[in-house]
Amino acid sequence: MLERTDTSILGRWWWTVDKRLLGATFLLMALGILFIVAASPAVADRIEASSSQMFVLHHLMMLPVAIGLMLGLSLLEKKGLARVAVLGLLGVFGALILTLIAGEEIKGARRWVSLGFFSLQASEFAKPFLAVSVAWFLARGRENPRVRGKTLAMLLFGLTLFLIILQPDLGMSVVITLGFFTQVFLAGLRWRWIVLLVLLAVCGLVGAYLLLPHVSSRVDRFLETDAGDTYQITQSLRAYRNGGFFGVGPGEGTIKMVLPDAHADFVFAVVGEEFGAIVCLFVLGLIGYIVLRVWRCCYYENDLFFIWAGAGLSVQMALQSFVNMASSLSLIPTKGMTLPFVSYGGSSLLASSVVMGFLLAMTRKRPSLGGPHHA
Amino acid sequence: MAKTKTIHSSSPLAIVRRRLMIVLGGVVLIMLVIAGRLVHLSLGDMGSDPFIPEPVPKRADIVDREGRLLATDLMTYSVYANPSRLKNPKETAKALCRVFTAQECATIKTSLTSKKHFVWIARHLTPKQFYAINYLGLPGVESFYEPRRIYPKARLAAHLIGYTDTDRSGLSGIERAYDPNLVNRSSPFVLSLDSRIQDLSMRALKEAIDKHKAVAGMVVVASVKTGDVLALGSYPDFDLNAVQQASEDQRLNRPVTGVYEMGSTMKSFSIATALDLGAITMIDTFPVGEPIKIGRFTIRDFKPKQGQMTATEVMIHSSNIGTAHIISHVSGPDQRRFLQNFGLLDTAMVPFDEIGKPMLPQNWSEVYRTTVAFGHGLSVSAMQLVQAFGALVNNGVMVPLHFEKTVGPVMGTPVIKPETSAMMRTILRAVVASGTGGKSDVPGYEVGGKTGTAEKITGRGYSRNKRMASFIGAYPMSDPQIVVYAMVDEPVPTKDTYGYATGGWVAAPVVAKIVEQASPLLGIMPKPVIESPDALVSDTTSPPIADDDAVSLSPDDQ
């Protein structure tokens, strides 16, 4: 549709963008629509929403915005990416502080701030902006010793983590921390520092268990199936069992009628019940494919900024997906994390688009030495 | 760290690439764990959750010989709770009360506030009811699929099909006898039964019962050649979907469980025995004029006749005296051996627990063996009678009756010689063509059979007014295919039966109706009826003798 010689922005974009990564993203979005159509009407009915299709309509309205955002960001070049990320991160800091002051408290945590038409979960956006900013400062520090890249990166990470722990949102903190660790690990951090960081993280988690009552309660419930209310997880496990390999059929599931977050945190269980384990494995594989695709580009990439940013972003995305899946599979204590493009939620959808937009921008073919693109 | 001189001599890019592989390894590992868990769960492992009821095994459908559904599983939902795990049992009960009636609500409140680990809230809910409960979104209130056994044809062949308890184990009929075969079987269980013939047979029986204000009745239709039971009915009957409301009398499977003194129908076997042994011939005659005295008993005929009769005439007139003379030509051991071979002394070989055992006479003295010869002193089930009667007409080969549809060849046991069977067919046809069984005849179908009217035992002796009127017949006599048995218990005489309530007047018309209606469905064509003067002479000059026999066995000193 576009000539090779077309040198317009769109033309260049079309010939340089990684079409497999783009295709995988659109496939995930399409599956997301299907799953939300299956899971959310039951939830909407239960909370007595004005329409059972409320969540479906909302998701469909947000999707073009998200796609636009993703494609827009994928047009960015290196400098532009860094600029958007750093400015975005500053905006996120503002939003996080606003959330702490004026946020709505839902289920014991302040995570959302109302923007009139839309409740914004600022922490969702902290992930991509932080990952790219950290990569940028680490790369700047390498080029120019006078820029204290490492220090700046550490500061940004510390501030983000602090603001998110205040909410509190432990799951998000874990994902951001592991994403940051991946980046500094790839940046050549020495092993003795790595061991120290891991110890610190373990201390942090133990501290969270001892100091934060909602964390200790969840962990206790995970460890002892007989202690207290394990209702959600029992239902979720039953969903997978009911579904078997081929599922009970779209819309035929019953778990969505009893699980409070069937359209968000437990959407994977609904997929398991209605579409079966094989479709679940396909979704898992699709996310794995996205990570692998980014990894391949990173491996042949020569620009350290792109490697660090790409790896950080994709690790975050993978971890977030894994936490969502593993929670509903009772592999880890339940953690409210969304499944990118599949879970219902405007902030999650837009943030996932930002991640994919950045990744598409980074994996575009650029004139450089070596690499598979020019082989 | 980027600028530090690391101990690695390699470039930062080389480090990045090596470490990228390490992180990728970690990601793949997590993916494998998640994938493994997914597969594990979908294989049905629930981990540790001791409070979930066992999944109920599926039970196969029961269908008739042409695949019509008789019993099936309906998917319903059952709801339960673990009260010890409920955060607020009272609130939960209150919420549930919005869905249930006040009465159910009180029970739910009591059970939810108990200290138990498992209580049922409701079982076998329809999807609509289940949705209403789910809609309440109550944590701790759990549910699972629990199939319910339903019987789409309700009363049809209720006694044969049988029913299950709430935990779905078979309690009676096929449901019990074939319980292990039905559990987790994937294909439907095919009965020998034909729903249409069952239905029309029961209608015919019911009509006779209503007409004669009788208390009960039964009917059996079976294939002579294969032993397939095509219809097995007992009246009064019941609705399989409402077993609790049915009385014991309604649930009694008369043809299988009940054993009765069959009366004159048993004469057929006595005559067949004497003919088969060569003790008598078809042209021998026997005196019927004088009652026979054996010890202190006198054997009389219901309608006394004069002179001498052949075996055929003894059967036509159902003469007790004639039968007693005939059996006197057979030795006691021979008589018993033949009864044994006809299966009349052993419990019928059907796998039902509720099968009735025959009641044998106290001893085989002359009195008893004589009364047994015309149907008193030996009680058998209708299953035994029908099976033995099949052998009489089926060239002497007895085929066991069964409820599973026959596939493949059938094994039978020879009981009497084919020539004897041919003679019996002639005799039985004569009984219908010009004897007590006349009302069972259907033009062109060559019905042959024997009536039976047994006086019921009440207290110390036989009752004069309480009778069981029965008829057993097979057709067409040139090549018998179907055997039909009908019995009406305690019929009351009516005006149009001229005051009779005997097998010939009450049960034979039932059999005629069944023959007439079932034959087109079974593909049995009527033979053209030739209205030649000869035929008219042989068939109608002597109108059917529609009186009947009954035991006249009374101690002399009374």
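1. Let's start with a kink: α3(A) bends by about 25° at L63(A), with a proline, P64(A), following within four residues. The bend is the angle between axes fitted to the seven residues ending at a residue and the seven starting there. Helices here are DSSP runs (H or I, at least four residues), numbered from the N terminus.

2. Before going on: this is a predicted model, where local features need pLDDT of at least 70 and side-chain atom pairs count only at 80 or more, while totals for chains, interfaces and linings use all residues. Residues are numbered from 1 along each chain as its sequence is written, chains are lettered from A in the order written, and side-chain values use heavy atoms, leaving out hydrogens and water.

3. How far does α3(A) reach? Its 21 residues (54–74) span 30 Å from first C-alpha to last, close to the 30 Å expected (1.5 Å times one less than the number of residues).

4. L63(A) is also one of the buried residues of α3(A), along with others including F55(A), H59(A) and M70(A); buried means under 20% relative accessible area with a 1.4 Å probe, protein chains only. The buried residues of α3(A) pack against α1, α2, α4 and α14 of chain A.

5. Now the partner chain: 59 residues of chain A are in contact with 49 of chain B (heavy atoms within 4.5 Å). Across this interface there is one salt bridge, and E142(B) and R238(A) meet in a salt bridge at 2.9 Å, N to O (the rule: a Lys or Arg side-chain nitrogen within 4 Å of an Asp or Glu carboxyl oxygen). On the side of chain A that touches chain B, α12(A) gives the most, with 11 residues.

Key: Helices (H or I, at least four residues) and strands (E, at least two) are DSSP runs, numbered from the N terminus. Buried means under 20% relative accessible area, exposed over 50%, partly exposed in between (1.4 Å probe, protein chains only).
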